[in-house]
Amino acid sequence: MYVIAGLGNPGKEYEKTRHNMGFQVVDRLSQKCGIPVNRLKHKALTGEGRIGGEKVMLVKPQTYMNLSGDSLAEIVSYYNVDIDKLIVIYDDFDLEAGALRIRKKGSAGSHNGMKSVIYRLGSDEFPRMRIGIGSSGGSGWKDFVIGRMSSDEEKALEETLDKAAEAAITIVEDGIDLAMNRFNTGKKKKNEQRDD
């Protein structure tokens, strides 16, 4: 079974924020694949179905971002999920807005949700997809990531969210190498300290 997990914060106040890109991609996958994500278990909203011939679970942890690993570690353990079949999707302010980066493994960089996931799993050897949200323009990064997007930003990211959903489907159906070749876009910011 594949587990496709989008990171974010639960609640209406966080719904359209930059930090909830992972949730938004899972919502797109839910619509595209006809998999309702409405069962609360393992500290997450989940939905099970099929993509191609593969069984998948879509996951939106409800623990708040910094404890995302609590939910995903529970799911990986309970279902005995192969670590290379866990795909984690999240926002990244070290990538330009609208960029999409898929990698087979890597560090958490400055992302607290991913730090939690890697810590709780005891491994960083799982696929991930990063959605670029751009820089804060000098304002505090916390306010930036949990801030609401302007309508222009939302429009610009619409296409990226659709591509991210298609990329996740491609990983499941055709493998991560093809997905990386087809969907990786965008540039890192010059001051990026993150490992790919």
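I searched the whole structure for salt bridges and found 13 of them. The model is a predicted one, and I kept that in mind for each entry.

**Entry: confidence.** I looked up the pLDDT before going further. The protein chain averages 89, and 86% of the residues score at least 70. Over residues 189-196 the pLDDT falls below 50, although this stretch has 22 contacts in the model beyond near neighbours in sequence. Where pLDDT is low, the predicted coordinates should not be read in detail.

**Entry: strand β5.** I asked how many residues of β5 are buried. In this strand, residues 86-92, the count is 7 of 7. I then sorted these residues by face. L86, V88, Y90 and D92 are buried on one side, and I87, I89 and D91 are buried on the other, so both faces of β5 are covered. In a regular strand the side chains alternate between the two faces of the sheet.

I next looked up the pairing partners of β5. Strand β1 (residues 2-6) runs parallel to β5 and is joined to it by 4 bridges. In this pairing, A5 stands opposite V88 of β5. Strand β7 (residues 128-132) also pairs with β5 in the parallel sense, over 5 bridges. Here I89 has M129 of β7 as its bridge partner.

**Entry: R130 and D92.** R130 forms a salt bridge with D92, and the closest N and O atoms are 2.7 Å apart. Because R130 lies in strand β7 and D92 in strand β5, the pair ties together parts that are 38 residues apart in sequence. Are the two partners buried or exposed? R130 is buried, with a relative accessible area of 2%. D92 is likewise buried, at 0%.

**Entry: helix α6.** I looked up which residues of α6 (residues 176-183) are buried, and found I176, A179, M180 and F183. Seen down the axis of α6, these buried residues fall within an arc of 100°, so they line one face of the helix. The face turned away from the buried side carries the exposed residues N181 and R182. I also checked what covers the buried residues of α6; β6 (100-103) and α5 (151-174) are included.

**Entry: D177 and K104.** D177 pairs with K104, the closest N and O atoms being 2.8 Å apart. D177 is in helix α6 and K104 is in the loop between β6 and α3 (112-121), so that the pair links distant parts of the chain, 73 residues apart. D177 counts as partly exposed at 42% relative accessibility, and K104 counts as partly exposed at 40%.

**Entry: further salt bridges.** Side chains of opposite charge can pair when their charged atoms come close. I looked up K55 and found a salt bridge with E48, with the closest N and O atoms 3.6 Å apart. K55 counts as partly exposed at 39% relative accessibility. E48 is partly exposed, with a relative accessible area of 32%. Lastly, I noted that R28, E158 and D162 are linked in a network of salt bridges.

Key. Residues are numbered from 1 along each chain as its sequence is written. This is a predicted model: local features need pLDDT of at least 70, side-chain atom pairs count only at pLDDT 80 or more; totals for chains, interfaces and linings use all residues. Side-chain values use heavy atoms; hydrogens and water are left out. Buried means under 20% relative accessible area, exposed over 50%, partly exposed in between (1.4 Å probe, protein chains only). Helices (H or I, at least four residues) and strands (E, at least two) are DSSP runs, numbered from the N terminus. The arc is that of the directions from the helix axis to the C-beta atoms. Contact means heavy atoms within 4.5 Å. Two strands pair if DSSP finds at least two bridges between them. A salt bridge is a side-chain nitrogen of Lys or Arg within 4 Å of a carboxyl oxygen of Asp or Glu. pLDDT is the predictor's confidence in each residue, from 0 to 100.
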